[in-house]
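Work through the exercises below with the structure open beside the text. Each task is followed by a solution in steps.

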Amino acid sequence: MTSEVISGVGLGLRSCHYQHILAEQPVVPWFEVMTDNYMGAGGQPHHYLQQIAAQYPLTFHGVGLSLGSVRPLSDSYLDRLVELIDIYQPAWVSEHLCWSANTQHNSHDLLPMPYTEAAVRHMSERISQVQERLGRRILVENLSSYVTFAESEMTEWEYISEICQRADCDLLLDINNIHVSAVNHGFDAREYLAGMPLARVREMHLAGYEVQGDLLLDSHSQPVHPPVWQLYREAVALTGPVPTLIEWDNAIPAFSVLEQEARQAQQICQEVADAA
Ligand SMILES: [Fe+2]
């Protein structure tokens, strides 16, 4: 299915739900596909994704570009991404404002950047390269983080705003990540929201965290927590309705649990619209 228009609350496509989706054909407005799980040429992932793509709009969400790294962007990764876009026609492609690999090692983590002019320039140039290669704008996602850099020269929201403007890219606003980082680093999530380039937001993410001592861990293993629902309500009031994703990556529950979370997000959007 060509994914030209995406709206409402979608779900992250996970392999444990393939058979349920194909057997039950649940009403879901769209699925977000973890692109890195489909970099191979065939096998079960593509067997199922082809069938799901025939019935549902898709978006692509990647973790492997390592946009902030100093090593060159991977031509082979980008070539494969172009092929996958041709095959599955996602409505959009998103990645993270992070780095995960240097010239020798890949941490497989989404690591934060210092908020400096040099990092803004580096990140925005790399996003521009990707957009040129793909022939389309991409969405970039704000991270959750557990450390800050003494070298930082600006706030996270100033850093992201500047990158989006220079690269002229779109924004995937992860509401859970804002809350997690706000608690971990002691900033005001409302000030963060107010400082973001909200006109560029094309998607929001909702997920659950774990409490570990004084820190919140962005585990994607729990239902969305009350403070994140509240921040989502405030974000939607600022942006208007934006396609939203329920993102669950660990301890993945029954499909019905994801559907319930999606209904709650939809309900909040309706309440915000009614109050406007
Ligand atoms: Fe996310």
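This is a predicted model: local features need pLDDT of at least 70, side-chain atom pairs count only at pLDDT 80 or more; totals for chains, interfaces and linings use all residues.

**Exercise 1.** Determine how the radius of gyration of the chain relates to that of a compact globule.

Solution. Start with the chain length, 276 residues, for which a compact globule would have a radius of gyration near 19 Å. The chain has 18 Å, which agrees with that value. Next, take the extent along the principal axes: the C-alpha atoms fill a box of roughly 50 × 45 × 35 Å. Then count burial: 41% of the 276 residues are buried. Finally, take contacts between residues at least 6 apart in sequence; of these, 78% join residues at least 24 apart.

**Exercise 2.** Describe the sheet, and find the bridge partner of Met-204 in strand 12.

Solution. The chain contains nine helices and 12 strands. Eight strands form a closed barrel in the order 1-2-3-4-7-8-9-12, with parallel pairing. Neighbouring strands in this sheet are turned by 30° against each other on average, direction ignored. Strand 9 (residues 201–206) runs parallel to strand 12 (residues 244–246), and three bridges join them. Met-204 has Thr-244 as its bridge partner in strand 12.

**Exercise 3.** Which residues of helix 2 (residues 43–53) are buried, and what do they pack against?

Solution. Leu-49, Ile-52 and Ala-53 are the buried residues. Viewed down the axis of helix 2, they fall within an arc of 90°, so they line one face. The face turned away from this buried side carries the exposed residues Gly-43, Gln-44, His-47 and Gln-50. The packing partners of the buried residues are helix 1 (18–24), strand 2 (31–34), strand 3 (58–61) and helix 3 (75–88).

Methods:
Residues are numbered from 1 along each chain as its sequence is written. Two strands pair if DSSP finds at least two bridges between them. Helices (H or I, at least four residues) and strands (E, at least two) are DSSP runs, numbered from the N terminus. Axes are lines fitted to C-alpha atoms, for helices over the stretch in contact, and angles run from 0 to 180 degrees between N-to-C directions. The radius of gyration is taken over C-alpha atoms; the globule rule is 2.2 Å times the number of residues to the power 0.38. A residue is buried if 20 or more other C-beta atoms lie within 10 Å of its own, exposed if 12 or fewer, and partly exposed in between; C-beta atoms are placed from the backbone. Two residues are in contact if their C-beta atoms, placed from the backbone, lie within 7 Å. The arc is that of the directions from the helix axis to the C-beta atoms.
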